[in-house]
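Take a look at the protein below before reading on.

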Amino acid sequence: MYYIHLFNLLLDDPKYENHGLSNIIPIIMIWMCFGLAAACLVFKKQEGDNEQDDIFEEPPRRLSEADEKWYRKVSFSCCGSSPKVRSARSSSAALVDMIQWDRPSEEFCNRARSMSSLPEDKDSFDRIFRNNQKWIESKLIDDPNYFRRLSEGQQPQYMLIGCSDSRVSAQEIMGFKCGELFVHRNIANMVVNGDINLLSVLNYAVEHLKVRDIIVMGHYHCGGIKAACKPKDHGLLEHWLRNIRDVVRHNMTELEAIQDDEQRHRRLVELNVQEQCINLFANPIVQRSQARTDLPRIHGFVYDLENGRLQELEIDFSEKLKPLQAVYSLYEDNSGGTVLQRTNSKWIPNM
Ligand SMILES: [Zn+2]
């Protein structure tokens, strides 16, 4: 009703001409209430925004460990009560503002000023390029022709199919130098039939580089393997994990007999490596090459994150493949048998 009063007054409706001041006061009060409510909403939104950008929940990644400790110390010493501090973003310039506003020690201000001269994330990238320069220098000291030789081509003996996990760096674990290991990595070191990425790498490795050994390397504490054991939809990733769920299905009896969760996980990691090796044996690129040259050999490795130990799984592939020959064999060998019958996965590093 007061809306009507107001609008009619504004429109100068003659019907309301004689209304006195007592009628206008409630209208003004209502508008003040509206104004107050709107101000509260804006304030709450700003609070929400500030909380999202709160620099104290997660320090910027460009900070070193020492810097991070210092950063947290500064944060705790001057955060909380000040709206200006709470709205400070995770840039060095904001940090300088924050520190100056709360007047901390000169030492803190100097540190912050030196940081503010760096663009966002510059420090972490600087580290990468500094390390690269050091690495170049170390290689050239040992061999002035190192990079020229590498640029002429590659002849790796080994191909590795490993997990994308950042903790599992195959080259470092196995002590390979540049040019010695041809690598394909994906979640949970899978050999998925129809994966054009894997097939392209495999084709190039076998047909052109003529690698002698293909290693499938799994690792305990594999997030991909763990995810595939959960009754949960992982979205797009689920289409990939489905291949691991199939491995679980093929080995359900053995896995269900293991009571301990950790031991069951470790066994599934091993069984997954075994299944991916079998997928390689069944692959036409591999069989075509094996029919001609007996190579490549296929190996199943497992890496233990807890102690850094790498081991070759003892898998009798001849035995495993025997019942599968009728399905997967594509080539006969000279003796009238199949390529899969004379499968050799024995590790002969210097052949
Ligand atoms: Zn993994």
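Where is Pro296 found? Pro296 is in the loop between helix 15 and strand 4 (297-303). Helices here are DSSP runs of H or I with at least four residues, strands are runs of E with at least two, and both are numbered from the N terminus.

Before going further, know what you're looking at: this is a predicted model, where local features need pLDDT of at least 70, side-chain atom pairs count only at pLDDT 80 or more, and totals for chains, interfaces and linings use all residues. Residues are numbered from 1 along each chain as its sequence is written.

**The loop after helix 15**

The peptide bond from Leu295 to Pro296 is cis, with omega near 10 degrees. Asp294 sits in that loop too, between helix 15 and strand 4, and Asp294 comes after helix 15 with a positive phi. That phi is near 70 degrees, in a residue other than glycine. Asp294 is partly exposed, as 14 other C-beta atoms lie within 10 Å. The cut-offs go like this: 20 or more other C-beta atoms within 10 Å of a residue's own make it buried, 12 or fewer make it exposed, and anything in between is partly exposed, with C-beta atoms placed from the backbone.

**Helix 15 and what covers it**

Which residues of helix 15 are buried? They are Val286, Gln287, Ser289 and Gln290. Looking down the axis of helix 15, you'd see these buried residues within an arc of 165 degrees, so they line one face of the helix.

On the helix 10 side, Leu202, Asn203 and Val206 meet Ile285, Val286 and Ser289 of helix 15; a contact needs C-beta atoms, placed from the backbone, within 7 Å. Four of the residues in the contact of helix 10 with helix 15 are nonpolar, two are polar and none is charged. In this scheme Ala, Val, Leu, Ile, Met, Phe, Trp, Tyr, Cys and Pro are nonpolar, Asp, Glu, Lys and Arg are charged, and the others, Gly among them, are polar.

**Two helix pairs**

Here's how two pairs of helices cross. The axes are lines fitted to C-alpha atoms over the stretch in contact, and angles run from 0 to 180 degrees between N-to-C directions.

| Helix pair | Axes come within | Crossing angle |
|---|---|---|
| helix 10 (residues 196-208) and helix 15 (residues 284-293) | 9 Å | roughly 10 degrees |
| helix 12 (residues 237-250) and helix 14 | 10 Å | roughly 105 degrees |

Angles under 35 degrees count as roughly parallel, over 145 as roughly antiparallel, 65 to 115 as roughly perpendicular and the rest as oblique. Helix 10 and helix 15 are therefore roughly parallel to each other. Helix 12 and helix 14 are therefore roughly perpendicular to each other. Their contact brings together Ile244, Val247, Val248 and His250 of helix 12 and Leu268, Leu271, Asn272 and Glu275 of helix 14. By class, this contact of helix 12 with helix 14 has five nonpolar, two polar and one charged residues.

**Asn189, a buried loop residue**

Is Asn189 buried or exposed? Asn189 counts as buried, with 31 C-beta neighbours inside 10 Å. You'll find Asn189 in the loop between strand 2 (181-186) and helix 10. Its phi is near 45 degrees, a positive value in a residue other than glycine. Leaving out residues up to four places away in sequence, Asn189 touches several residues, including Ile161, Cys163, Met217 and Gln276. Asn189 and Asn272 are 83 residues apart along the chain, and their C-alpha atoms are separated by 8.6 Å.

**The whole chain**

Overall, the secondary structure of the protein comes to 17 helices and five strands, and 23% of the 351 residues count as buried. The mean pLDDT (the predictor's confidence in each residue, from 0 to 100) is 78, and 64% of the residues reach 70 or more. Over residues 47-61 the pLDDT is below 50, and that stretch has 16 contacts in the model beyond near neighbours in sequence.

Terms used
Contact = placed C-beta atoms within 7 Å. Arc of directions from axis to C-beta.
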